[in-house]
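Have the structure open and follow along.

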Amino acid sequence: MSDLIAEHIDMTFTMPSGEQVHALKDVSFTLKEGELLSVLGPSGCGKTTLLNLIAGFLRPTGGRLELNGAEVDGPGVERGMVFQQGALFEWLTVAENVDFGLRMKKSPKAENQRKVEEWLDIVGLQGFGDTPTYQLSGGMQQRVALARCLINDPDVILMDEPLGALDALTREKMQSLVLKIWKETGKTIMIITHSVEEALLLGERLFVMAPRPGRLHKEYNLPFAEWGLTQDLRDVKKHDEFSRVREEILGMIWNMEEEIMGKTA
Amino acid sequence: MSDIFQSPRGIFIAALFIALICTLIWATIYGRRLARTEVTDLVFGNPMKAMGGYHWVVSGVATVLLLWLYFSWDAARAFFPNAANELCQVAKVESAVIPMRSAFPFEERLLRGTNLLNRDSTQLEILRKRAQSDVFDDAKKAELGALVERLTVLQTTLATPESLSPDTKAALDDIAARIDAATAKLDAAELSSDALAAVKEAQETQAGWGAASPEVPDAPVTERGAIFASIAPELTQIADDYVAVRNTSPAFLAEVESLESAIKALGKEDKPVDDFRKQLNKMLKRIDDGAVFPPGALDSVEQSLANLHSVQLAQKGSLNWIDSLAMPGGKILSGNTACSEQGSGRWLPKPSDTVATFLRLADPDIGFKNIPLLSIKQKPVAEMAGFVIPDWIADFVPGEYPRHQADGTIGENLKSKVLNIATGNFPSFSVPVPTGHVWDSIMRVITGLFLGILFGVPLGLLMGLSRLAKGFFDPLIELYRPVPPLAWAPLILTIFGIQDDGKIFLLFMVAFAIMVISARTGATGTQLSKIHAAHSLGASRWQILRNVILPNSLPEILTGIRISIGVCWGTLVAAEMLAGTTGVGFVENVARKQSDYEIIWITIIILGLLGLMFDLIMRWVIDKTIPWRGKG
């Protein structure tokens with residue numbers, strides 16, 4: 001019932017100069033409850049626009065977005081979001097950041113505190129509740145952002161290149177964490193990423209998008225996320241199937257980029 | 001030198017001066033030695049090289065204090081308490097002979113006669129040319145030309161030795177002889193017993209340098225001074241007589257008279273001729289002064305004055321050194337009634353006097369103009385309640401205000417009782433409240449600033465978020481903001497009154513514009529992703545404003561407050577100088593009118609310290625409230 005349905009989404013921006021930019025054209029898909037979707041594509045293919053539409057920050061110029069049978073209109077708690085740089089509130093402590101959503105709902109303090117501790121535990125930040133966020137490393141900040149989003153119990157979690165700014169090692173740990181959360185909570189998760197490897201690891205389903213105008217180019221159904229729940233991520237990456245799909249997608253995106261360069265040149 | 005250390009204050013200042021010199025030398029040597037051992041860092045421009053170095057702070061402070069003590073002549077007063085009095089006596093002699101000396105090339109470049117001849121010849125040359133102007137007919141040209149020639153001859157007569165009358169010569173010789181007599185008296189350095197007794201008396205009864213008004217007491221307290229004082233009246237008389245001596249022989253006066261009537265005969269009918277007549281008359285008046293003497297006629301007077309001067313220098317002795325070394329940047333002058341310090345000794349008050357004046361002002365019972373600088377006063381609560389509660393509240397109570405009755409009593413009713421409370425007219429207990437000039441100034445700044453923040457921050461945030469608000473209010477604020485606050489002051493003070501209201505409104509205007517701009521900058525600078533995050537965490541518009549945009553703008557807002565305090569403080573003092581009856585600026589303005597440099601400096605120091613205090617408080621607040629600034 002709580003499926004995310006996109007029907008013929010069209011998005012055209014009008015620039016201040018009057019120029020029309022066709023960001024998304026006829027995007028349709030259905031994301032079932034509990035699915036893990038990653039979206040990949042060259043820059044400018046409308047990945048972030050798609051995410052902003054689902055989050056409700058933008059209203060599509062055509063088509064229809066539906067979640068739980070209701071049309072998406074404006075931002076809402078049921079669609080939690082995790083940003084690239086965390087977008088934490090640096091004037092608040094870790095705990096205050098995490099229970100921000102609960103405080104906005106004015107839920108009872110004692111319960112908030114219990115939930116905060118529970119979530120800090122899950123993301124591995126026990127005892128950091130009173131730390132100011134600006135004292136945390138990038139990876140820890142992203143964990144806070146995850147906890148802040150998840151504590152609201154959203155139906156869909158939207159992640160906009162959440163691990164893009166992290167170093168390789170931290171990134172891998174965070175990838176495991178995302179998989180763990182997906183498995184334990186059974187949430188629908190949609191991840192936008194630049195990294196092909198990450199898209200393969202963190203996607204039961206994978207959309208490759210093409211630019212100008214932004215559209216869904218190809219869809220994959222992948223087994224690697226399931227594997228990652230039980231195996232070490234590095235072992236998954238070593239698998240022949242992983243390498244094959246990776247090379248295929250890399251080639252696809254490479255060609256798209258070439259095409260763009262050719263057009264502009 | 002026996003008169004060193006006359007007063008405890010003198011001893012203290014002298015000791016302080018020496019201690020400061022020692023400190024300066026020690027700190028400098030220490031610093032130099034450190035610099036020589038710390039040559040491991042060879043990078044020029046390394047900011048670490050500017051860290052630490054407290055011995056240089058000591059050097060700097062010592063230097064400032066030394067300069068203050070030195071240029072204010074406080075050191076001179078401590079070491080040479082009688083110097084000012086003695087120099088006052090010398091100044092009496094100097095001001096007595098100035099009318100004579102200024103006629104000779106001692107301090108001037110030219111002899112006065114030479115100077116006058118020069119000037120008059122130039123003027124006559126101009127008249128000679130103008131006499132040939134075409135506005136005059138030929139007959140007039142000839143007549144006017146002849147008159148100019150006669151004036152030229154008259155002027156030349158003054159410089160010819162033959163025309164010097166014997167009377168004038170005798171008068172000049174007499175002047176020279178009298179100067180010589182006074183010089184001899186100064187040289188002999190003898191005092192009558194009366195004069196000695198007067199010196200003794202002055203030593204015992206007269207206040208010291210700077211102890212009372214006038215600053216430099218007039219009566220000589222040393223024999224050396226008394227000698228100068230004794231010849232000063234005589235020299236004043238000689239100078240008066242000298243100025244009266246004119247180079248006017250009977251023949252010269254006869255020619256002046258004849259020229260006068262000839263010029264008068266030109267008449268006033270014709271405008272150009274009348275103008276020329278006035279010019280000729282002016283010229284004649286200059287020449288008939290007889291202030292030009294033949295060459296050599298004044299030699300004896302000049303020689304006598306030169307002698308007097310060298311004897312004067314010899315008699316001054318050590319005073320010459322004290323005057324030029326210990327009392328830099330000015331000298332003691334003798335006026336009509338008293339001697340005074342001129343130059344830095346005057347406008348730079350002595351530290352010891354400044355401290356004394358400050359202690360006097362700081363005494364709440366004295367204060368300035370019967371208002372203490374800063375003090376605590378018991379104030380009835382009723383008075384404050386009357387100030388806060390608006391009087392019109394009583395108007396809404398049912399009934400009529402009571403009127404007085406035939407026997408002069410007034411029957412109170414509920415309405416009048418409410419009015420009594422609203423006007424603060426009821427018995428109450430008192431609470432201590434700060435008061436005084438400094439407190440008034442601080443309260444004005446804080447109130448104006450508070451109002452500016454109260455209205456400016458919400459409007460600024462709104463302008464940062466709404467196109468309508470920005471577009472609508474921008475012209476208003478940007479048009480009044482660039483006007484210097486003081487340019488508004490006359491208008492605002494007229495509308496709102498010269499007391500607190502006007503000043504607070506002026507400061508409100510200043511703070512308001514700054515707060516609007518900083519809050520707006522803060523609001524505009526909020527990262528979109530944070531607002532997005534708050535949205536998807538379920539925050540309402542109001543919650544986003546309160547929990548995201550406001551805290552995110554805090555650094556700009558606090559910086560705005562810090563700037564506002566500085567600008568408000570400056571504006572307030574200027575506004576207080578313009579009008580009003582309390583406040584630090586008022587104190588300084590009154591002191592300025594009275595040329596009271598000690599109080600002027602005290603207010604400057606108070607203003608500086610209060611400004612520094614405000615800024616330190618703001619820095620502390622900034623450190624405490626927004627430690628996350630710039631770390632998002």
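In this predicted model, strands β7 (residues 156-160) and β8 (residues 188-192) of chain A run parallel and share five bridges. One spot to look at is L158(A), whose bridge partner in β8(A) is M190(A).

**The sheet in chain A**
- β7 and β8 belong to an open, six-strand sheet of chain A, ordered β6-β7-β8-β3-β9-β10, with mixed pairing.
- β6 and β10 (215-221) of chain A sit at the edges, each pairing on one side only.
- From one strand to the next, the twist averages 20 degrees.

**Helices on the sheet**
- Helix α1 (residues 47-55) of chain A lies across β3, β6, β7, β8 and β9, at about 150 degrees to β7(A).
- Helix α5 (residues 138-150) of chain A packs on the sheet too, touching β6 and β7, and its direction makes about 175 degrees with that of β6(A).

**Where the chains meet**
- Here 21 residues of chain A are in contact with 16 residues of chain B.
- α3(A) gives the largest share of chain A's side, four residues.

**Helix α9 of chain B**
- With 22 residues at 1.5 Å each, α9 (residues 223-244) of chain B should span 32 Å, and its end C-alpha atoms are 33 Å apart, so the two agree.
- There's a kink of about 30 degrees at A232(B), shortly before the proline P233(B).
- Its buried residues include F228(B), I231(B), L235(B) and Y242(B).
- Among the elements covering the buried residues of α9(B) are α4, α7, α8 and α12 of chain B.

How values were computed
Residues are numbered from 1 along each chain as its sequence is written. Chains are lettered from A and ligands numbered from 1 in the order in which they are written. This is a predicted model: local features need pLDDT of at least 70, side-chain atom pairs count only at pLDDT 80 or more; totals for chains, interfaces and linings use all residues. Helices (H or I, at least four residues) and strands (E, at least two) are DSSP runs, numbered from the N terminus. The expected span of a helix is 1.5 Å times one less than its number of residues. The bend at a residue is the angle between axes fitted to the seven residues ending there and the seven starting there. A residue is buried if 20 or more other C-beta atoms lie within 10 Å of its own, exposed if 12 or fewer, and partly exposed in between; C-beta atoms are placed from the backbone. Two residues are in contact if their C-beta atoms, placed from the backbone, lie within 7 Å. Two strands pair if DSSP finds at least two bridges between them. Axes are lines fitted to C-alpha atoms, for helices over the stretch in contact, and angles run from 0 to 180 degrees between N-to-C directions.
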